[in-house]
Amino acid sequence: AISGVSLTFLVTLAWVVLFAQVGVALYGGWKLWRSEAIGAQLLFWLSLSCVPVVSCPAIQYWCAIGFGLFPLISVGAGHIGTDVSLQFGYVARLGFFGDVFGLQIGLNVIAAAVLFALNKLMKAAAIPIWPLVFPKTSQSASSV
């Protein structure tokens, strides 16, 4: 338990996923800055993971890294609604079997735009979406 919060398997899994997103964003951004193919690939898959927004009794997931623009549609017992929110920074939610009622679906428009731009960049540079292109490891000094 951390600060009185019990870490069940699903809560731990959610935290691991959210921390992994931050790690992939940092590593992928650094590799893209260095013009390495894996940076574009990692940021492509990360952006893809940030596009969907879903909230129902079984799972709640949404993510914004940097900026997020979320148009949403909500349907529940006796109501239908829409909402648009703008988020700054890293904001995310991943929860399982919470106290959510009804269904909320949407997408992160900014992540979708980044995904589109990365896809265009990768096609122009002939970088495959999959499999990941890991950087070549340099030979040790003793073998030179």
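Guide: Start at Pro57. Its relative accessibility is 46%, so Pro57 counts as partly exposed. The scale runs as follows: buried is under 20% relative accessible area, exposed is over 50%, and partly exposed is in between, with a 1.4 Å probe and protein chains only.

A word on the source. This is a predicted model, in which local features need pLDDT of at least 70 and side-chain atom pairs count only at pLDDT 80 or more, while totals for chains, interfaces and linings use all residues. Residues are numbered from 1 along each chain as its sequence is written, and side-chain values use heavy atoms, with hydrogens and water left out.

Pro57 sits in the loop between β1 and β2. Helices (H or I, at least four residues) and strands (E, at least two) are DSSP runs, numbered from the N terminus. Setting aside neighbours within four places in sequence, Pro57 contacts Phe97, Gly98, Val100 and Gly102. Contact here means heavy atoms within 4.5 Å. The C-alpha atoms of Pro57 and Leu103 are 7.8 Å apart, although 46 residues separate the two in sequence.

Leu103 leads on to the strands. In β4, Leu103 is the bridge partner of Val75. Strand β2 (residues 59-76) and β4 run antiparallel and are joined by 4 bridges. Strands pair if DSSP finds at least two bridges between them. Strand β1 (residues 52-55) also pairs with β4 (residues 103-107), antiparallel, over 4 bridges. There, Ser55 has Gln104 as its bridge partner.

Next, the cysteines. A disulfide is a covalent bond between the sulfur atoms of two cysteines. The test used is a pair of cysteine sulfur atoms within 2.5 Å. The whole structure has 0 disulfides. Cys50 is in none; the nearest cysteine sulfur belongs to Cys63, 3.4 Å away. Cys50 is buried, because its relative accessible area is 3%. Cys63 is buried too, at 0%.

Now the largest pocket. Its volume is about 210 Å³. It has 13 lining residues, and the closest to its centre are Ser47, Ile65, Gly66, Ala111 and Val114. Helix α2, strand β2 and helix α3 (109-124) each supply at least two lining residues. A pocket is an open set of points on a 1 Å grid over the protein atoms alone, where a 1.4 Å probe fits, with protein on both sides within 12 Å along at least five of seven lines; lining residues have an atom within 4 Å of a point. Grid points are joined across faces, edges and corners, and the volume is the space filled by probe spheres set on them.

Helix α2 (residues 37-50) also holds Gln41. Gln41 is buried because its relative accessibility is 0%. A polar atom of its side chain lies 2.7 Å from the backbone nitrogen of Val133. Beyond four places in sequence, residues touching Gln41 include Met122, Ile127, Trp130 and Val133.

Last, the whole chain. It has 3 helices and 4 strands. Along the sequence they read α-α-β-β-β-β-α. Of its 144 residues, 27% are buried. Among contacts between residues at least 6 apart in sequence, 70% join residues at least 24 apart.

Key. A polar contact is a pair of N or O atoms within 3.5 Å; within protein, one must be able to donate a hydrogen and the other to accept it, and residues adjacent in sequence count only if both atoms are side-chain atoms.
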